[in-house]
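Dear colleague,

I am handing over the structure we spoke about, and below it you will find a short account of what came out of the analysis. Please read the two side by side.

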Amino acid sequence: MASNEPGVSGGGSVDGHLSRRGFFGQAAAVSAGVALVPPAAAVAAAQPVEAAANAGLVDVAFKVNGEPKKLSIDPRVTLLDALRERLGLTGTKKGCDRGQCGACTVHVENRRVLPCLTLAVSLQDKAVTTIEGIADGETLHPVQQAFIDHDGFQCGFCTSGQIMSAVAVVREGAARTDDQIREAMSGNLCRCGAYPNILDAIKQVQAGDR
Amino acid sequence: MRAFDYAAPSSVDEALRLTKPGSAFLAGGTTLVDLMKLDVLTPDHVIDVNRLPLNGIRLSDGHLRIGALERMSAVAAHPTVMVHFPVISRALLLSASGQLRNMASIGGNLLQRTRCDYFRDVTAPCNKRQPGSGCPAQTGVNRTHAILGSSSSCAATHASDVAVAFVALEAMVVVRGRGGDRIVPLEDFYLLPGNTPQVENQLGPDELIVEVRVPVSPLARQSTYLKIRDRQSYEFALTSVAVALSLRRGVVLDARIAAGGVGTKPWRLRAVEDALKGNPAMEKTFSDAAESAVDGARPLAQNAFKVTLLKRTIVRALIDVAGVR
Ligand SMILES: Cc1cc2nc3c(=O)[nH]c(=O)nc-3n(C[C@H](O)[C@H](O)[C@H](O)COP(=O)(O)OP(=O)(O)OC[C@H]3O[C@@H](n4cnc5c(N)ncnc54)[C@H](O)[C@@H]3O)c2cc1C
Ligand code: SF4
Ligand code: FES
Ligand code: FES
């Protein structure tokens with residue numbers, strides 16, 4: 001059992017107390033009825049209950065931003081909920097939770113994907129990169145800097161997804177014209193309509209690339 | 001989401017052995033997880049197939065062979081596909097988004113479920129989701145629904161783009177069950193709704209799609225996919241057309257055409273193909289031929305525009321691929 005791993009205790013409690021976010025995380029991650037106990041105990045208590053209910057917790061180990069994480073989770077938990085509610089990485093945003101908006105975009109094995117449609121249990125041995133993992137220490141990733149330089153956001157809700165998508169688009173290298181960049185970024189919706197500035201930000205990074 | 005147990009086998013035999021009533025295979029999850037969250041699909045057992053050795057994109061024995069687990073993005077960008085089968089690459093690149101194409105597999109794409117809103121809403125009746133409960137789309141919201149192949153039981157479109165390209169190119173799916181492999185033409189793999197819209201294809205619950213095979217042909221090299229939609233990107237088709245042409249001295253020698261967004265399955269348009277053959281490659285030929293595309297169409301209150309739109313989509317796609325005006 002991985003209950004002493006940072007991955008399990010990290011998301012649920014703050015200094016041993018249950019945070020609001022941690023509470024909902026546990027409620028989502030573990031079946032209702034065993035949610036009001038600290039994470040490690042919840043995992044232990046959940047085991048026989050869940051086994052009887054034909055849906056035991058599953059152990060999964062993967063890397064997030066280079067750090068190994070181990071979780072014991074209900075197979076229903078998406079990578080998005082695991083990141084936000086179990087691992088405390090709330091930079092990744094939940095927009096639609098249906099694969100339709102791109103706000104949650106992260107990288108798995110260096111490819112941009114949607115964690116709201118990814119079951120966390122399916123990530124055994126995989127490497128996940130989130131918005132928290134792209135800066136180099138205190139130095140922002142060039143795409144982060146370019147979003148600031150060009151005001152690539154207003155409310156900011158879509159921004160971490162936009163940046164993760166843009167990092168991949170620059171790396172993929174296939175989109176060069178404005179229309180190609182717009183097409184490549186079309187899986188990331190922005191309710192504030194920051195699209196022209198996002199386009200400028202991406203072009204700045206590409207110009208620096210060449 | 002309902003509770004389920006999870007297994008991740010590493011061989012096809014093991015995956016097939018794990019199937020039982022209430023089991024579902026998980027590939028990219030972009031259909032399955034979405035519909036599980038909506039309680040439209042409620043498997044008790046999820047069998048993750050991503051560790052199965054069903055990869056590879058290669059030419060052999062006169063066929064392009066695509067492993068069922070190849071991702072949409074990988075197939076679209078593959079040099080062989082781009083050069084020999086541009087219609088496949090284009091249909092994929094006009095599908096979904098960059099993120100979804102990195103996740104979604106070719107096998108899963110062919111088995112994606114309809115986007116009919118009633119199907120996705122468990123509080124609504126729907127014959128496909130709950131046989132015998134009725135089809136509210138017949139008299140309700142049906143702007144995006146099918147005009148071809150529909151019945152009074154169901155008018156939902158099949159939403160895959162690449163399946164339209166595959167049907168035009170006479171692709172086959174290789175299906176593996178405990179008893180071995182079957183090879184089924186994709187066009188026949190899909191079934192019309194009739195009175196049983198819940199049965200969408202020939203796949204048994206204990207069978208896997210392992211491969212898609214597309215015959216190599218001179219036609220496929222001169223091919224394209226045109227998709228018309230409400231917004232320019234990241235949207236399903238209102239109408240779409242896959243065309244492949246072979247021309248000699250300005251005359252159509254042979255043609256393959258299929259349509260999407262209009263049928264309850266990817267819709268091969270043989271009558272249009274026949275009307276093109278032997279005639280000069282020009283707009284008049286194309287528009288005359290396109291007339292027969294909508295024979296037997298059964299438009300509903302809000303989607304009659306697709307009758308005209310389909311014909312125009314065919315003409316424009318033919319003009320594009322023939323390089324004429
Ligand atoms: C927002 C959004 C927009 C989209 N836009 C488009 C679009 O424009 N065009 C388009 O074509 N598609 C579009 N899609 C659909 C998307 O392409 C499909 O969801 C995807 O291709 C399914 O593949 P998957 O690997 O994720 O399948 P999964 O979700 O893993 O599986 C789908 C189904 O197939 C079964 N299955 C999977 N693989 C196999 C196999 N090898 N053998 C047997 N059964 C199997 C599963 O059990 C499940 O029932 C869109 C989806 C979303 C969410
Ligand atoms: S069209 Fe088909 S999927 Fe839609 S409500 Fe009718 S039966 Fe259900
Ligand atoms: S939250 Fe994942 S795509 Fe909208
Ligand atoms: S900045 Fe507000 S949604 Fe994009």
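To begin with the overall layout of chain B, the C-alpha centres of its domain 1 and domain 2 lie 37 Å apart, where domain 1 covers residues 1–48 and domain 2 covers residues 218–322. Please keep in mind throughout that this is a predicted model.

Within chain B there is an open sheet of three strands, whose order is 1-3-2 and whose pairing is parallel. Strand 1 (5–7) and strand 2 (23–26) of chain B form the edges, each pairing on one side only, and neighbouring strands of the sheet are turned by 25° against each other on average, direction ignored. Strand 2 of chain B is joined by four bridges to strand 3 (residues 45–48) of chain B, the two running parallel, and Leu26(B) has Asp48(B) in strand 3 as its bridge partner.

Turning to the interface, 31 residues of chain B and 30 residues of chain A take part in the contact. The area buried between the two chains is about 2,500 Å², with carbon and sulfur atoms giving 54% of it; on the side of chain B, the residues that lose the most area to chain A are Lys37(B), Gln99(B) and Tyr234(B), together 25% of what that side buries.

One salt bridge is found across this interface, and in a salt bridge the side chains of Lys37(B) and Asp97(A) meet at 2.9 Å, N to O. Strand 1, helix 2 (32–37) and helix 6 (98–103) of chain B each supply at least two residues of the side that touches chain A, and helix 6 of chain B gives the most, with five residues.

With best regards

Note on methods. Residues numbered from 1 in each chain as written. Chains lettered and ligands numbered in written order. Predicted model: local features only at pLDDT ≥ 70, side-chain atom pairs only at ≥ 80, totals over all residues. Heavy atoms only, no water. Pairing = 2+ DSSP bridges. Axes fitted to C-alpha atoms, helices over the stretch in contact; angles between N-to-C directions. Domains from an automatic or database assignment. Contact = heavy atoms within 4.5 Å. Buried area = accessible area lost by both parts, 1.4 Å probe. Salt bridge = Lys/Arg side-chain N within 4 Å of Asp/Glu carboxyl O.
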